[in-house]
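Please look at the sequence and the model shown here before reading on. The report that follows takes up the sheet and then the packing of helices.

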Amino acid sequence: MILTVLDTETTGLDSDVHEIIEIAAISYVLDSEGNRYILKKFESKINPEQLHTASERALEVNGFTIESWKGSLNASDILPDVISLIEKSDILVGQNLIFDLRFINEVCHRNDIEPPEFPPYIDTKSIADRLVTAQWLQRSSMDYLVEHYGVKVEGRAHTALVDCERTMLVFDELMRDVDQHYEMYTFDEPYRRRRRK
């Protein structure tokens with residue numbers, strides 16, 4: 001089985017207006033005994049084509065500068081690799097992953113490329129939200145979860161590859177706390193946080 005953790009960094013929150021400026025994924029092979037081995041790491045900065053629509057706050061969080069993105073590829077150049085990686089995966093993992101999947105779907109449409117067939121996914125936010133409801137955790141944000149579980153990863157948070165690494169380590173901690181019980185979601189039936197009454 002191939003499990004892939006995926007993350008994007010974007011110029012804002014609206015996939016109709018904003019764009020992906022960085023994407024990363026780590027694919028793991030899971031053996032029959034539950035051991036996990038890295039199959040592939042993928043990371044790419046993406047040249048923003050409509051920087052004028054960007055949220056200044058999003059660019060600040062992502063550490064975007066013109067200089068550090070100089071020479072980055074256009075989305076159309078990296079999409080074939082991204083699509084291949086997604087379609088070779090049996091399960092995706094991510095924090096509020098529908099956000100990333102919708103951006104990938106939209107950038108495919110903008111570039112006249114057929115979007116990938118997204119496999120089912122596990123959302124770390126959905127697991128954390130359950131633990132918040134049970135008063136086991138205070139919040140379900142990735143930054144809080146990293147601090148709560150004492151997760152250590154080298155590199156700057158809110159870069160796509162580091163966030164993939166953080167997400168996978170947090171996923172392991174969450175799975176221990178929920179005794180391996182989780183729900184699967186799909187692109188068409190994503191996780192939506194239930195409102196408290």
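## Terms and source

Axes are lines fitted to C-alpha atoms, for helices over the stretch in contact, and angles run from 0 to 180 degrees between N-to-C directions. Helices (H or I, at least four residues) and strands (E, at least two) are DSSP runs that are numbered from the N terminus.

This is a predicted model, in which local features need pLDDT of at least 70 and side-chain atom pairs count only at pLDDT 80 or more, while totals for chains, interfaces and linings use all residues. Residues are numbered from 1 along each chain as its sequence is written, and side-chain values use heavy atoms, with hydrogens and water left out.

Five strands form an open sheet in the order 3-2-1-4-5, and their pairing is mixed, where two strands pair if DSSP finds at least two bridges between them. Strand 3 (36-45) and strand 5 (121-123) stand at the edges with a single partner strand each, so one side of each has no neighbour in the sheet. On average, and with direction ignored, neighbouring strands of this sheet are turned by 20 degrees against each other.

Strand 1 (residues 2-10) and strand 4 (residues 91-94) run parallel and are joined by three bridges; Thr-4 has Leu-92 in strand 4 as its bridge partner. Helix 2 (residues 75-87) packs on the sheet and touches strand 1, strand 2 (20-30), strand 3 and strand 4, contact meaning heavy atoms within 4.5 Å. The direction of helix 2 makes about 155 degrees with that of strand 3. Helix 3 (residues 97-110) also packs on the sheet, touching strand 1, strand 2, strand 4 and strand 5, and its direction makes about 75 degrees with that of strand 1.

## Helix 5 on helix 6

Helix 5 (residues 142-149) packs with helix 6 at an angle of about 65 degrees, and their axes are 10 Å apart. Helix 5 is therefore roughly perpendicular to helix 6, since angles under 35 degrees count as roughly parallel, over 145 as roughly antiparallel, 65 to 115 as roughly perpendicular and the rest as oblique. The residues in contact include Leu-145 and Tyr-149 of helix 5 and Val-170 and Leu-174 of helix 6.

## Helix 4 on helix 6

Helix 4 (residues 124-133) and helix 6 (residues 160-177) pack at about 40 degrees, with their axes 10 Å apart, which means that helix 4 is oblique to helix 6. Among the residues making this contact are Ile-127 and Leu-131 of helix 4, together with Phe-171 and Met-175 of helix 6.
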